[in-house]
Amino acid sequence: MINLETPKKLKPLVEQAHQVAAEVLRPISRKYDTAEHERPKELDMLAALIDGMEEGGGRSGAGATGVGGGSGPPPKDDGANRNGSNLATVLSIIEMCWGDVGLLLALPGQGLGNSAIASVADEEQSKRYAGRWAAMAITEPEAGSDSAAIRTTAELDGDEYVLNGEKIYVTSGERAELVVVWASLDRNKGRAAIKSFVVERSNPGMVLERLEHKLGIRASDTAAFRLENCRVPKEALLGSPEIESKGGFEGAMKTFDNTRPLVAAMAVGVARACLEETHELLTRAGVDIDRSRPALAQSAAAARFLALEADYEAGRLLTLEAAWMADNGKPNSLQASMAKAKAGRAGVDVALGCVELCGATGYGEQELLEKWARDAKILDLFEGTQQIQLLIVARQLLGKSSAELK
Ligand SMILES: Cc1cc2nc3c(=O)[nH]c(=O)nc-3n(C[C@H](O)[C@H](O)[C@H](O)COP(=O)(O)OP(=O)(O)OC[C@H]3O[C@@H](n4cnc5c(N)ncnc54)[C@H](O)[C@@H]3O)c2cc1C
């Protein structure tokens, strides 16, 4: 049975992550929102500290590394109750994003490419890429939600693959040391031919075109690349080099079952920041919020706040469920998408609802509420948009394939 209290063994981790968020991230939150594209140097020290703790066997839980992956096979569903690395990471991400989601995404060593490597790499690759920051490059000008439509190609030439194509909207694409690039071995063979390749960021064939200017998460760099005869060793291919007509692409997509709860957790963290701040501002303004009484028997502002809080709570519980299921070897594809859809939408609704409740104070730059409202939107977009999550949920509930329901 799932128990909704924070497990005792994870409490110190949650407290530690909260302290980092409050003392390191919050104080520089506005600075790097304003100074878009400037590297948050304060995070280098934090990343080094986290690395040291992980090497020493402790868990910092500050970021996304190793979620759903890491070494060893996934746990079996044997009826035991485990609170493992998925739940630990989700709980600490919530705390860190209560601090600042853009800064969490900019934390060296915590890229989505790291999750892909952790999920798919063989032993030799795991060793080769250990401790290195990896971004993830799937999206192209002609391929967003439909990742099977990618046009980047990878051609075998002796002991190397030669990559050619264009990648856009790569989170941490400028600052990471590695980029996991999705490319097709044979465009005539459809999705089965899509493979991922680990490319050194310093590879001269990977040409940085530009950095994007964005609505939110401005502390996190978002890059566009051109791959121009970009040569990588054969060993840079993650997974099997064979084009298997069944299962190959589905395997790659399964990585998302691990990363969607993480993005959901980010949305939960931002929403909680908004609610806490709004609660304080409303209380100061004389609005009494009583959780023990029916919402509609209270002031309109209190009722609205309680409705937002309920929405947040639903997203949070789905997120914890998806992570807990992964820790316990239960297939969680459906719950991962439900969590991402609910928390992603609740994050946006809660953030905008809080701006509304606080009026001009919420809209101005003296508070962080307006920034959180801008930051929240991306969490309902990347790692699969709201609409795509609902499509995945519908397919699973109705037992339809992606060809039958699109
Ligand atoms: C800040 C930022 C960071 C990002 N980081 C990364 C990254 O690190 N790596 C990476 O590879 N990508 C990244 N992305 C890209 C992101 O994953 C894509 O933007 C996302 O997948 C949507 O693709 P698109 O923008 O092309 O929109 P489209 O796919 O063109 O969709 C446009 C709209 O149509 C809707 N839609 C599409 N298909 C359907 C359908 N079948 N049914 C109903 N509605 C549909 C979508 O939900 C959306 O609302 C990032 C994007 C941003 C903005």
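This is a predicted model: local features need pLDDT of at least 70, side-chain atom pairs count only at pLDDT 80 or more; totals for chains, interfaces and linings use all residues.
Colleague: What is the mean pLDDT of the protein?

Modeller: The predictor's confidence is given for each residue on a scale from 0 to 100, and 93% of the residues reach 70 or more. Residues 59-71 stay under 50, although the model has 42 contacts beyond four places in sequence for them. For the protein, the mean pLDDT is 92.

Colleague: How are the rings of Tyr 161 and Phe 197 arranged, stacked or edge-to-face?

Modeller: The structure holds 2 aromatic pairs, and in one of them the rings of Tyr 161 and Phe 197 have their centres 5.1 Å apart, with their planes at 65°. Planes over 60 degrees apart count as edge-to-face, and therefore the pair of Tyr 161 and Phe 197 is edge-to-face.

Colleague: Which parts does the pair of Tyr 161 and Phe 197 tie together?

Modeller: Tyr 161 counts as buried at 6% relative accessibility, and Phe 197 is buried as well, with a relative accessible area of 0%. The two residues belong to parts that are 36 residues apart in sequence, because Tyr 161 lies in residues 160-171 and Phe 197 in residues 194-200, so the pair ties together strand 3 and strand 5.

Colleague: How does the pair of Trp 182 and Phe 256 count?

Modeller: The centres of the rings of Trp 182 and Phe 256 are 6.2 Å apart and the planes stand at 40°. Trp 182 in strand 4 and Phe 256 in helix 7 are 74 residues apart, which makes this a link between distant parts of the chain, and both residues are buried.

Colleague: Where is Ile 138, which touches Trp 182 and Phe 256?

Modeller: Ile 138 is buried, with a relative accessible area of 11%, and beyond four places in sequence Ile 138 touches Ser 147, Ile 150 and Lys 167 as well as Trp 182 and Phe 256. The place of Ile 138 is in the loop between strand 1 and strand 2.

Colleague: Which residue has a side chain joined to that of Thr 222 by a polar contact?

Modeller: Thr 222 lies in strand 7, which runs over residues 222-233, and with a relative accessible area of 4% Thr 222 is buried. Leaving aside neighbours within four places in sequence, the residues in contact with Thr 222 include Tyr 169, Val 170 and Arg 210. The polar contact of 3.0 Å joins the side chain of Thr 222 to that of Lys 214.

Colleague: Which residue has an N or O atom in its side chain 2.7 Å from an oxygen atom of the ligand?

Modeller: There are 18 residues around the ligand, and among those that come nearest are Thr 139, Ser 145 and Tyr 169. A backbone N or O atom of Tyr 169 lies 3.0 Å from a nitrogen atom of the ligand, while a polar backbone atom of Met 136 is 2.7 Å from a nitrogen atom of the ligand. For the oxygen atom of the ligand, the side chain at 2.7 Å is that of Gln 387.

Colleague: How far apart in space are Gly 353 and Arg 304, C-alpha to C-alpha?

Modeller: Gly 353 lies in helix 9 and counts as buried at 1% relative accessibility. Beyond four places in sequence, Gly 353 is in contact with Leu 308 and Arg 304. Although Gly 353 and Arg 304 are 49 residues apart in sequence, their distance in space is 8.2 Å.

Technical notes. Residues are numbered from 1 along each chain as its sequence is written. Side-chain values use heavy atoms; hydrogens and water are left out. Rings of Phe, Tyr and Trp (its six-membered ring) pair if their centres lie within 6.5 Å; planes under 30 degrees apart count as stacked, over 60 as edge-to-face and the rest as tilted. Helices (H or I, at least four residues) and strands (E, at least two) are DSSP runs, numbered from the N terminus. Buried means under 20% relative accessible area, exposed over 50%, partly exposed in between (1.4 Å probe, protein chains only). Contact means heavy atoms within 4.5 Å. A polar contact is a pair of N or O atoms within 3.5 Å; within protein, one must be able to donate a hydrogen and the other to accept it, and residues adjacent in sequence count only if both atoms are side-chain atoms. A residue is near a molecule or strand if one of its heavy atoms lies within 4 Å of it.
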